[in-house]
Amino acid sequence: MPQTPNHSAAQSTSLDREPTPQIDGHPVHNLILASAYEQEQSLLRPFIRFVTSDKGENLYAPGEKIEFGYFPNAGLVSIVVNTVQGGTIEVGVVGKEGFIGLPILFGLYSSPHCAVIQVPPGEGFRIKAADLQNILRQSPDLETRLYRYSFLQGLIVAQIAACHRLHEVDQRLARWLLMSQDRLGSNFISLTQEFLAEMLGASRPTVTLAAGILQRSGAIQYTRGKVTILDRQLLEQAACECYGVIRNLSKDLGL
Ligand SMILES: [Zn+2]
């Protein structure tokens, strides 16, 4: 079994005590990459590049070929469904715990969903699909971790789908803010009312009402373009049960 100083990062905070690995001249905060064995990181280094993306930029979109895998290093990426009628709703959120481009793990190169940079900074490590596939053939442990992430992400997407149908907007907003805080590691989340409405599949006035409920409870402060989480415990009390389910799944992802 190859040795690595940081392979236990997904299970503990040992990452904090070990030197932060670097790829393409940048520290690796993505938990999948950071927990890779050194020899796996060595295989990746010649093929992986640090990239920055603007807010609103698509990493992939329906009908387009998925050419790259992407390991987010900071910020948040939303997996979004756009309907023919013009509706938009978020079915997945991915941060430093995850990977964008799951279809290429299975030899597929398209998705009916959109992966869009939603909360800046849009920073991550990008690798061509074919290069990643070649490396995974030589890296069964990394491949297993990506498959494991894929399965857990599928469970989270299913929970979010149920949440959208069964729970109130203020509960869903609290759940979304908690998920975002876990992934960003910050109490400050930069977002617009329009963005929140699209993510929650609700109208802007409805989102305003929901944010008002959370603000009056003392859980958050909501000003134009920014949410500050003031009291996480109150926010957890305001969220539906879905957050607890997702948090337990997220622990297996190292969050
Ligand atoms: Zn829910």
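This is a predicted model: local features need pLDDT of at least 70, side-chain atom pairs count only at pLDDT 80 or more; totals for chains, interfaces and linings use all residues.
Four residues of the helix, V207, A210, A211 and L214, are buried. Viewed down the helix axis, these buried residues fall within an arc of 95°, and they therefore line one face of α8. The other side of the helix carries the exposed residues P205, G212 and R216. Packing of the buried residues involves three helices and a strand, namely α6 (169-184), α7 (193-200), α9 (232-238) and β9 (220-223). After α8 comes G218, a residue with a positive phi near 90°.

The chain as a whole contains ten helices and ten strands. For 255 residues, a compact globule would have a radius of gyration near 18 Å; the chain has a value of 18 Å and so agrees with that expectation. The C-alpha trace spans about 50 × 45 × 30 Å along its principal axes. Buried residues make up 42% of the 255 in the chain. Among contacts with a separation of 6 or more, 74% are accounted for by residues 24 or more positions apart.

The domain assignment divides the chain into domain 1, covering residues 7-161, and domain 2, covering residues 168-239. A distance of 25 Å separates the C-alpha centres of domain 1 and domain 2. Contact between them involves 13 residues of domain 1 and eleven residues of domain 2. On the side of domain 1 that touches domain 2, at least two residues are supplied by each of the strands β5 (68-82), β6 (88-94) and β7 (114-128). The largest share, four residues, comes from β6. In composition, this side of domain 1 consists of five nonpolar, five polar and three charged residues.

Strand β7 also holds P121. The peptide bond between P120 and P121 is cis, with omega at about 5°.

Two loop positions were examined individually. P62 is located in the loop between β4 (58-60) and β5. Because 13 C-beta neighbours lie inside 10 Å, P62 is classed as partly exposed. When neighbours within four places in sequence are left aside, the contacts of P62 are with S111, P112, H113 and C114. By comparison, G95 stands 33 residues away from P62 along the chain, and the C-alpha atoms of P62 and G95 are 21 Å apart.

Phi of D24 is positive, near 50°, in a residue other than glycine. D24 has 14 C-beta neighbours inside 10 Å and so is likewise counted as partly exposed.

Notes
Residues are numbered from 1 along each chain as its sequence is written. Domain bounds come from an automatic or database domain assignment. Two residues are in contact if their C-beta atoms, placed from the backbone, lie within 7 Å. Ala, Val, Leu, Ile, Met, Phe, Trp, Tyr, Cys and Pro count as nonpolar, Asp, Glu, Lys and Arg as charged, and the others, Gly among them, as polar. A residue is buried if 20 or more other C-beta atoms lie within 10 Å of its own, exposed if 12 or fewer, and partly exposed in between; C-beta atoms are placed from the backbone. The arc is that of the directions from the helix axis to the C-beta atoms. The radius of gyration is taken over C-alpha atoms; the globule rule is 2.2 Å times the number of residues to the power 0.38.
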